[in-house]
Amino acid sequence: MFGSKLTSRSLVFTLVMLLLLVVSPFTFTTALSEEEDEYADDLQELIAIDDEQESGGNSPHYESRDFGKKSEAEVLSKAQRVVIELNGDSTKRVIEENEYVLVLGYAPWCSRSAELMPEFADAANVLKGSLGIGILMAKIDAERYPKAASFLGIKGFPTLLLFVNGTSQPYTGGFSSEEMVLWARKKTGVPVIRINSITEANEFLKQHATYAVGLFDKFEGPDYGEFIKAAAADNEIQFVETTSAEVADILYPVAKPTKPFFGLVKSEPEHYTSLDGNLSSDRILRFLENNKFPLVTLMTELNSAKVYSSLKKLQVYVFAETDVLKKLVGILQEIAKKFKSKVMIVAVDIGEENLAKPYLTLFGLEDSEETAIIAFDYNSNSKYLLESDPTSRNIEDFCSRLLHGTLTPYYKSQPIPDNKNASILTVVGKTFDDLVLSSPTNILLEVHTPWCITCETTSKQMQKLAKHFEGLENLVFARIDASTNEHPQLQVEEYPALLFYSAGDKSNLIKLPTKSSLKELAAIINKNLKTKEPLAKDEL
């Protein structure tokens, strides 16, 4: 179960499982023909038509993107002519005959596939229409064509894979169209956009709100080499380069950059941040990791995995209704400035159950509609709950104590039950010390969960054992629900569990085999009690 000192494996497993459980089915129907034998010729013909229709001026060599002027239907319609629909016959040929192929494996019933499909289509239009990157965008109904999906290495939905000369590479980028375009650029050899003029700079700003800019005397030398190395290694930030001070003033207008220079621009109150000192690739990447997120990150379906995998190991989550979050965001941003690069602050709409419930469940707050503020220290795998009012002062103090390691870890517990006349005591998180660890008697504790299939059988055995040993003063039977109760000294990975705490040494608990028969369990108990009382064969 999850005590405050969680194992990384168990925390990740719980969050992932809960996220999977709350996803509802969604049906997506593709409008593409799946029998396109002459896919290459047709694709080139369609691209030529599109290029002819869209020509009429010299386009800058950097990415130009204005989807706001196009309806969703227009975007999807165009994408359906650019994204190849793979099937059992064409898959191998497409992969082998193209240098770069980005494949989306989906299932018609998968809601996450449906969410990703428009972003994938959007990215396909940009990659084909403006960037000139030789990458083919393809998708396959992995459920309809399981053999082709297996050949590609698709094992779940949705799956994105990049094939380079027939060899697959895992997709490690984001899931918005902009992030897919950026990732594709970098993986196909275009990690940096070069801007040479003020006109190009102004056009670039129309399309980008977040980017990293490098200013150099010339596009060579050690600093520039480290810049390019970092640009290729990073998968999330668009890098731009220039040798023009005038261009740099437009891209980074808050200072007069001196060469070499590296700065990050974001669309939020902390708009400009620069990196001082030498420009090694490691320093650049570490700088981006510490500064790429906004002061306060609003969690969404698209960025949730990125937030969770952040290298910032101290994270504070604020769960509230939409209107409350709007009022809190300014306060949270001011607090975040004081803990910049040290504590990550994340805002979550409590109404978004897919996002909120996996975290709130860890605190027993899954049904709460009240504002909740929690924290995780992934260095020690501990979790914390702000139990006072969520005022500005209390939130700041909560963050400060998290940073300095003085917060008290949080453990879930049900209310203290009435165990009067109970043959098997019910233990909760708050009573674990008194009823188990501090008890002067031997304790046999059953650890169970509601979802455990075999727990019911073990519970019935416990009832029979309790009846059999009834009247024995030095033995107490007890049970605890591990799904709603936690304690730092109760660490169980498999359910059910039977734990024997000896009266003389509670620190060395004995795990009893739950698959044993009643007679075997009784014999083990007798052995640990060091008694020679015969068993009643008619009862067991």
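## The cysteines

Both Cys452 and Cys455 are buried in this predicted model. Their sulfur atoms lie 2.4 Å apart, and the two residues form a disulfide. As a reminder, a disulfide is a covalent bond between the sulfur atoms of two cysteines. The torsion about the S-S bond of Cys452 and Cys455 is about 95°, so this disulfide is right-handed.

Two other cysteines are worth a look while you are here. Cys110 has a relative accessible area of 7%, and Cys399 has one of 0%. Buried means under 20%, so Cys110 counts as buried, and so does Cys399.

## A patch of negative charge

Now turn to the surface. A patch of negative charge gathers there, made up of Glu321, Asp323, Glu366, Asp367, Glu369 and Glu370.

Where does Glu369 sit? You will find Glu369 in the loop between α14 (353-360) and β14 (372-377). The relative accessible area of Glu369 is 59%, and exposed means over 50%, so Glu369 counts as exposed.

Thr199 belongs to helix α8, which covers residues 198-207. Is Thr199 buried or exposed? With a relative accessible area of 57%, Thr199 is exposed.

Note on methods. Residues are numbered from 1 along each chain as its sequence is written. This is a predicted model: local features need pLDDT of at least 70, side-chain atom pairs count only at pLDDT 80 or more; totals for chains, interfaces and linings use all residues. Side-chain values use heavy atoms; hydrogens and water are left out. Patches are made of residues with over 30% relative accessible area and no salt bridge: like charges are joined within 9 Å, nonpolar side chains (Val, Leu, Ile, Met, Phe, Trp, Tyr) within 5 Å. Accessible areas come from the Shrake-Rupley method with a 1.4 Å probe; for residues, only the protein chains shown count as cover. A salt bridge is a side-chain nitrogen of Lys or Arg within 4 Å of a carboxyl oxygen of Asp or Glu. Lys and Arg count as positive and Asp and Glu as negative; His and the chain ends are not counted. The place of a charge is taken as NZ of Lys, CZ of Arg, CG of Asp or CD of Glu. Helices (H or I, at least four residues) and strands (E, at least two) are DSSP runs, numbered from the N terminus. Buried means under 20% relative accessible area, exposed over 50%, partly exposed in between (1.4 Å probe, protein chains only). A disulfide is a pair of cysteine sulfur atoms within 2.5 Å.
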